[in-house]
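Reader: I would like to go through this model with you, from the whole chain down to single residues. Please give the cut-offs behind each term as it comes up.

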Amino acid sequence: MRFTLQHSDPLSNARTGVLHTDHGPIPTPVFMPVGTTATVKGIHQRELKDEIKAPIILGNTYHLVLRPGTDIIHKAGGVHRFMQWDGAVLTDSGGYQVFSLADQRKLTILLPRRMW
């Protein structure tokens, strides 16, 4: 992966460029449709690719772990194959959702016998 700078503003830190990935180039700044659980709601993958020309989709790791789950994604051949998307995918950690969806989570906390 590499970044090619195209333009920069001498009066600020603003810049544009292209992020080159194995799944294609991504111009920056870029609008990323959100595919929280591996699908962008209300639009077909074909439309994302051919009409909107989205170079990247944003996913959420926490939601993917909850549903469909890592076993299903693995059996499908990875996130790209599961999503039927050959463009780039960016996933965030889902750290916010761990707290905002606290009533849906189950945590097991293992504490040492002796706390220091």
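Reader: What share of the contacts in the protein with a separation of 6 or more is accounted for by residues 24 or more positions apart?

Author: This is a predicted model, in which local features need pLDDT of at least 70 and side-chain atom pairs count only at pLDDT 80 or more, while totals for chains, interfaces and linings use all residues. Residues are numbered from 1 along each chain as its sequence is written, and side-chain values use heavy atoms, with hydrogens and water left out. Contact means heavy atoms within 4.5 Å; among the contacts with a separation of 6 or more, the share from residues 24 or more positions apart is 50%.

Reader: In what order do the elements of the protein run from the N terminus on?

Author: Helices (H or I, at least four residues) and strands (E, at least two) are DSSP runs, numbered from the N terminus. The protein has five helices and five strands, and from the N terminus on their order is β-β-β-α-β-α-α-α-β-α.

Reader: Why is the protein described as more spread out than a compact globule?

Author: The C-alpha atoms fill a box of roughly 55 × 40 × 25 Å along the principal axes. The elements run β-β-β-α-β-α-α-α-β-α. The radius of gyration, taken over C-alpha atoms, is compared with a globule rule of 2.2 Å times the number of residues to the power 0.38. For 116 residues that rule gives 13 Å, and the protein is more spread out than a compact globule because its radius of gyration is well over this, at 18 Å.

Reader: What percentage of the 116 residues in the protein is buried?

Author: Buried means under 20% relative accessible area, exposed over 50%, and partly exposed in between, with a 1.4 Å probe and protein chains only. On that scale, the buried part of the 116 residues is 24%.

Reader: Which nine residues form the largest nonpolar core?

Author: A nonpolar core is a set of buried Ala, Val, Leu, Ile, Met, Phe, Trp, Tyr and Cys residues joined through side-chain atoms within 4.5 Å. One of the members of the largest such core is Met83, which, leaving aside neighbours within four places in sequence, is in contact with Ala38, Gln45, Ile57 and Val89. The nine residues of the core are Ala38, Val40, Leu48, Ala54, Ile57, Leu64, Ile73, Met83 and Trp85.

Reader: Is Gln97 buried or exposed?

Author: Gln97 is found in helix H5, residues 95-100. Not counting residues up to four places away in sequence, Gln97 touches Asn60, Tyr62, His63 and Ala102. With a relative accessible area of 16%, Gln97 is buried.

Reader: Which residues does Val30 touch, not counting those up to four places away in sequence?

Author: Val30 is found in the loop between strand S3 (24-28) and helix H1 (45-50), where a relative accessibility of 30% makes Val30 partly exposed. The C-alpha atoms of Val30 and Pro68, 38 residues apart along the chain, are separated by 27 Å. The residues that Val30 touches are Pro55 and Ile56.

Reader: What is the relative accessible area of Gln84?

Author: Phi of Gln84 is near 55°, a positive value in a residue other than glycine, and phi of Lys53 is near 60°. Lys53 is placed in the loop between H1 and strand S4 (56-60) and, at 58% relative accessibility, counts as exposed. Gln84 is in the loop between helix H4 (79-83) and strand S5 (88-92), and is exposed, with a relative accessible area of 68%.

Reader: How many Å apart in space are Leu11 and Val34, C-alpha to C-alpha?

Author: Leu11 lies in the loop between strand S1 (2-8) and strand S2 (15-21) and counts as exposed at 82% relative accessibility. Leu11 and Val34 are 23 residues apart in sequence, and their C-alpha separation in space is 32 Å.
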